[in-house]
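Subject: Structure handover

Hi,

Here is the structure I promised to pass on to you. Please have a look at it, and then read on for what turned up.

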Amino acid sequence: ETFWPDSAPEAAGRPRDRMKIAFIVQRYGAEILGGSEYHCRLIAERLAPRHQVEVLTTCAADYITWKNEYPEGSDRVRGVTVRRFANARTRDIQAFNRYSEWIFNNEHSREDEIEWLRHQGPWCPALLEYLERNHSQYDILIFFTYLYAPTVLGMTAAPHKSILVPTAHDEPAIHLGIYKELFSLPAGLAYNTDVERRFLTTHFSVRAVEEETIGCGVDLPQAQPHGRDRGADRGESADDAAPDDEGRPDESSPSFRPHLAQRGSMFRRRHRIHGPFVLY
């Protein structure tokens, strides 16, 4: 919002605090668990209750072939409007790997790199044409993943109101010239980590008005009372019921409380964990 025109939502007849946002990503669906695709879905679902959110994506479910599997047209996925466009071709992964080996190790032209993008896929001219014709109806365009053609070619439609979530790391492809152009275009960059941010700002000419390390976030469950909390209410300690020689609670102890025998209770007591925790 710091770089966004203040009058944009009102000019389109929407309340100032309600924007129309387009997410552009190569695949989208509740069953698609690719890192950037899942990240995109989480954020789209978070914004949908407060803003008018649409996802522009392809009909592909598989990132190896980019075969059209979802029906073309509009869909609703967990409360988010999704517009799917059919890919014009599938990917021959062996031919693509051969082309990649050549382009990463030989001098080549910009046209060669666009051809590499076409080989990589998803190659979806219909999505790019829609974006070119309709970008003015959106207040913000948010592109996920630097790597694919929908981002590289779609970003040129309206870079002044585009945010890129690059999900970038040091790999052969990122050193192609088309990506030097890409990282200089968007008005905003949202990084996952500070390491990613340092890598991109060191190796590329980033001209974004706003940059921020956003990450993703974790949904915490509702707070639950734990053994220590319940015992503390009665002036008791969760360590009152001493375990036997095999580490199990002594059920004959007068201080034995059944909730301490629940799954994970010994782990909690051994490590003195008295509240919500994540084991990663």
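A patch, as used here, is made of residues with over 30% relative accessible area and no salt bridge, and nonpolar side chains are joined within 5 Å. Please keep in mind that this is a predicted model.

One nonpolar patch on the surface is formed by Tyr 63, Ile 64 and Ile 93, which together have about 240 Å² of accessible area. Ile 64 sits in the loop between strand S2 (52–58) and strand S3 (73–77). With a relative accessible area of 34%, Ile 64 is partly exposed.

Now to the aromatic rings. The whole structure holds 11 aromatic pairs. In one of them, Tyr 99 and Trp 102, the ring centres are 5.8 Å apart and the planes stand at 70°, so this pair is edge-to-face. Both residues belong to helix H3 (residues 93–103), where they are three residues apart, about one turn of the helix. Are Tyr 99 and Trp 102 buried or partly exposed? Tyr 99 is buried, because its relative accessible area is 18%, under the 20% limit. Trp 102, at 35% relative accessibility, counts as partly exposed.

There is also an aromatic cluster, formed by Tyr 146, Tyr 179, Phe 183, Phe 199 and Phe 204.

Finally, two charges over rings may interest you. Lys 20 has its charged end over the ring of Tyr 138, 5.0 Å from the ring centre. Arg 84 places its charged end over the ring of Tyr 70, 3.8 Å from the centre of that ring.

Methods: Residues are numbered from 1 along each chain as its sequence is written. This is a predicted model: local features need pLDDT of at least 70, side-chain atom pairs count only at pLDDT 80 or more; totals for chains, interfaces and linings use all residues. Side-chain values use heavy atoms; hydrogens and water are left out. Patches are made of residues with over 30% relative accessible area and no salt bridge: like charges are joined within 9 Å, nonpolar side chains (Val, Leu, Ile, Met, Phe, Trp, Tyr) within 5 Å. Accessible areas come from the Shrake-Rupley method with a 1.4 Å probe; for residues, only the protein chains shown count as cover. A salt bridge is a side-chain nitrogen of Lys or Arg within 4 Å of a carboxyl oxygen of Asp or Glu. Helices (H or I, at least four residues) and strands (E, at least two) are DSSP runs, numbered from the N terminus. Buried means under 20% relative accessible area, exposed over 50%, partly exposed in between (1.4 Å probe, protein chains only). Rings of Phe, Tyr and Trp (its six-membered ring) pair if their centres lie within 6.5 Å; planes under 30 degrees apart count as stacked, over 60 as edge-to-face and the rest as tilted. A charge sits over a ring if NZ of Lys or CZ of Arg is within 6 Å of the ring centre and within 35 degrees of the ring normal.
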